[in-house]
Structures are given as C-alpha cells and as structure tokens.
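User: I am new to this structure. Please show me how to read its main features.

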Amino acid sequence: MTNNPSDGPDDGQDPGQNPFKGTPFEAFFSGGAGGFPGGFPGGFPGGFPGGLPGGAGGGMPDLSQLFGQIQAMMQPYDGPLNWDLALDTARKAVPQPDPTPTQRQKDAVADALRLADHWLDDTTSFPSGVTSTTAWSRAEWVVGTAEVWKVLVAPVAEQSTSGITDALPPEAKAQAGPILGILGKAMGAMLASQVGSALGALAGEVLSVSDVGVPLAQPGRAALLPTNVTAFAEGLDVTEDDVLLYLALREAAHQRLFAHVPWLREHVIAAVTDFAKGVEINAEAIQARIEEQMRGVDPTNPESMQQLLEGGLFEMPKSPRQEAALQRLETALALVEGWVDEVVGQATAERMPAAAKMQEAVRRRRAAGGPAEQTFASLVGLEMRPRRLRDASTLWGSLRTRQGIEGRDGVWMHPDLLPTAADLDDPLGFREDAGAPAELTDEAFDAELRKLLEPGSDGSGSDGSRGSDEE
C-alpha cells in the first residue's frame, strides 16, 4: 500500500488509518498542510514493517532523505534525552575562539582561589570547601558540568516528552503502538539538540563552575574560565587581576556553602523536579505550534531543518504548579547568591576598593541574565536566576549585624529555617529580635506576642498602639 493515510478510507478500520485521526496531532502525521512532510506512506502504523520506507508516493518528498537529515539524532540512547547528541551539539556551539588555558592562567586561578579562601576565613563560620582548582576553556566547562546538567534537565525532559504521548486519547495510543516510541525518541533527540545549543551558548558567558548558583562540577572542585573572565573585565575600569580575585572569592564562597550545607544541593534539585512535575501538556497548543514551525520547512534543505530544531519546539506555557516551583527555586537561588554577595562584601570591604563596582556589575548580570541564559530558559523552561539577589543580600547583612556571623550562618542548619519569599519582602525584619533563639516554641512565641500587644508594655503607648491594625 503506497497511498498516504489521508487518501485511504475513513472508516476507522483500515490498518493504514492514521491512529491520531481526531486528535490535535492528526495534521502532524497526515502529510497535510503543516503536517509531517510526506506523511507516513504505506499506512500508519502498518507502513513500518521492516524499518523506515525508502520513498514516498505521489511525488511527495522522500522520507528517507528527511530522516537522513536527522540520522544522528535517532541513534539509540537511554533516558528521556539523547545526551551524546546534546553534548556534541554543545561543544560545536561553543563561541570561538576557545583557547585552552595556559599553565600561567591555571596558576593564576589557583593563586586567586587560595587567597580568596584566606580572606573568607574571617567572614564566615564555614571552613573552606575547595579541594582542587582548575582553569577551563568553554568546551571543558561543557564536559566538566555535564553530569550535573543531566540531573537538572532530565526531569523537565522526561515530563515534556512523555507528556506529548500521554496527552493522546487511549484509542490513538493503542493504534499507534511502536510509533509512539519513535515519536518519543525523536522528540527527546530534538530537545537534546536544543539543550546542546543552549549549553554551548551558555558556555560563552559563565565565569565559574558555580556561576548559575549551583556548583556544576564534582564537590570541592573550583574552576574559572579565563577567556570569559577577560571578556567580563572589559569596560569595568578594573584590573583583570582584581576581577579574577573577586570572582574567585565568589566561587570559593559558593564551594563553602554547598560543602557544609549538605542538604542544599538536593533542595535546589527538588525544586527543579517539582517544576518538571508541573508540566501540563496542552495538545491543541502544541499542535498549533508544530504546524506553525513546520510550515515552510524543506526536508531536502539542512538549513531549514536546523531552523526547526532551534525554534523552541518544546516551549510551553507554565502551569500554576510550575510557577510555584519556579518561585521556590528562585528564592533558594536568591538566598544562595545573596549569602555569597554578603560574605564576599565583608571580605573585600577594607581590602579591595574596586569591589563595590564589581559587586554591582555581578548583581545586575545575575539578576537580569544574559542572552544565553535567556535562551536556555526559553528552550527548557528553567530560569536559574536569582531575581531577588539584592533583597537576599540585605537580609543576610542585617542578620549578621544583629546576630553575628554564627547567627547568620546558623540559618542554613535546616531548610525550614530559611527565609521565605515573604521574608524577602521585608529583609530588615527577618528575625528582628536579635536576642531571640534560633527556634521559638509555640508557648514562647505566644508569650512574646502577648507582651507586645499588652497596653503599657515596654516601648508601647498606653493605648497599645504597637499592636493596632493601623500600623
């Protein structure tokens, strides 16, 4: 049988009938306008008895040629995303030139991190978390951070790709059979191409291994990217040595925090996982996006196919659950970055006159996100961005002023002690009573509240105005 499914009888019984008929994916697999170029000749699913067909009837484009364009994407792989393809794509997408760091640059990074650790000893109760130092090229950053990216991206990829088929009606799933497996693998490969492109672009902007807020290498391994550090230093009117030392301080501070707060890494990853679980597949919306992006695609033109793969095919609106998880993730990242900002500010206050200028540059860069970071967010849905960095830094600084270094760092003992997004709304009010214990029992809290509300208590007027609703 050589005709397309759309040419066959529409009785629902023909083995070549498109099993997606009546679903939002009908046009995609029918060969119609905006659909899969050429359809699935030979029937669907019966047209794949021994592999992919060698040609399409009716003068349509040869499907073997189309799949030849993406042959590398269809190689067998485990998991929801083809990471071999993603990393290969990322390495090729790394901005050039990308020189390998010289031994002199490696030594400079090691010296800067060693001095940074010495300065931080006076500003935090956490000891050093650095066990090794290195300088990376952009391509080396891609390889060196791959394992952590797999953990961060996998939940989103899993939910996105499986959600496509889950959105189909049961009868379509039953008829499609093994085609769903091909569909899932194809989408996982497409997403891998997009993730790889985004990681390659991100490699052109990151300054260190902890620059996104989470150490992306093995625990204790501190790394900076000299090529990107040099680019960042341009226009700051600060010596490159000072820029390197300042960034080394931030890297060393990140390493200390994550090394001595063992639950923190899992806390961030859990927020990412919750974000992925909130993916809600809107089949109609996805079909409309597919039709729009495939319209005009020429399967014989590699550049046309590449535009499709880079077009944000899996970008979907965020569900309410995702928005809530994203807020938790952004709050956690803001608290991490704010703490780093605070301890580095203390370490450089009397030692580095140019620190304030670099602090402001880093704050703006992290709060806004660069073009590559925005690309990654649009492709995968993850925004690793601490929008409230300034509020968090103010909160930690205020807490140190009132309760000292130990009181500030002690908040990291347990995730339930961390400030919330509401606390960031009033950073100076977090644990306002500097003499309060780390945790108050319900009875103690009620007693303190009664003292505040009781008329004539210390510091309040005879009318009890401190506790009035007007304030």
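Analyst: Start with a helix pair. This is a predicted model. Helix α14 (residues 320-348) packs against helix α17 (residues 389-410) at an angle of about 60 degrees. Their axes are 8 Å apart. The crossing of α14 past α17 is right-handed.

User: Which residues make the contact between α14 and α17?

Analyst: From α14 come Ala334, Leu335, Glu337, Gly338, Trp339, Asp341, Glu342, Val343 and Gln346. From α17 come Leu389, Ala392, Ser393, Trp396, Gly397, Arg400, Arg408 and Asp409. By class, this contact has seven nonpolar, four polar and six charged residues.

User: How far apart are the end C-alpha atoms of α14, and what span should its residues give?

Analyst: Count 1.5 Å a residue. The 29 residues of α14 should then span 42 Å. The end C-alpha atoms of α14 are 41 Å apart, which agrees.

User: How many residues of α14 are buried?

Analyst: Buried means under 20% relative accessible area. In α14, 21 of the 29 residues are buried, so this helix is largely enclosed by the rest of the structure.

User: Which residues are buried in α4?

Analyst: First, a general idea. An α-helix has 3.6 residues a turn, so residues three or four places apart point the same way. Now the case here. Helix α4 covers residues 103-120. Its buried residues are Val109, Ala110, Ala112, Leu113, Ala116, Asp117, Trp119 and Leu120. Their cover includes β1 (132-135), β2 (221-224), α10 (240-260) and α14. The 18 residues of α4 should span 26 Å, and its end C-alpha atoms are 26 Å apart, which agrees.

User: What about the backbone in the loops? Where is the cis peptide bond?

Analyst: The cis bond joins Gln96 and Pro97, with omega about 0 degrees. Pro97 sits in the loop between α3 (83-93) and α4.

User: What is the phi of Asp237, and is Asp237 buried or exposed?

Analyst: Asp237 is not a glycine, yet its phi is positive, about 55 degrees. The loop between α9 (226-233) and α10 holds Asp237. Asp237 is exposed, at 69% relative accessible area. Arg431 is not a glycine either, and has a positive phi of about 50 degrees. Arg431 lies in the loop between α18 (421-425) and α19 (442-453). At 22% relative accessibility, Arg431 counts as partly exposed.

User: How many helices and strands does the protein chain have?

Analyst: The protein chain has 19 helices and two strands. Buried residues make up 50% of its 471 residues. The chain exposes about 21,500 Å², and carbon and sulfur atoms supply 51% of that area.

Technical notes. Residues numbered from 1 in each chain as written. Predicted model: local features only at pLDDT ≥ 70, side-chain atom pairs only at ≥ 80, totals over all residues. Heavy atoms only, no water. Axes fitted to C-alpha atoms, helices over the stretch in contact; angles between N-to-C directions. Helix = DSSP H or I, 4+ residues; strand = E, 2+ residues; numbered from the N terminus. Left-handed = near helix turned anticlockwise from the far one by under 90°. Contact = heavy atoms within 4.5 Å. Nonpolar A, V, L, I, M, F, W, Y, C, P; charged D, E, K, R; others polar. Buried < 20%, exposed > 50% of the residue type's maximum accessible area, 1.4 Å probe, protein only. Areas by Shrake-Rupley, 256 points an atom, 1.4 Å probe, with all protein chains shown as cover. Expected span 1.5 Å × (residues − 1).
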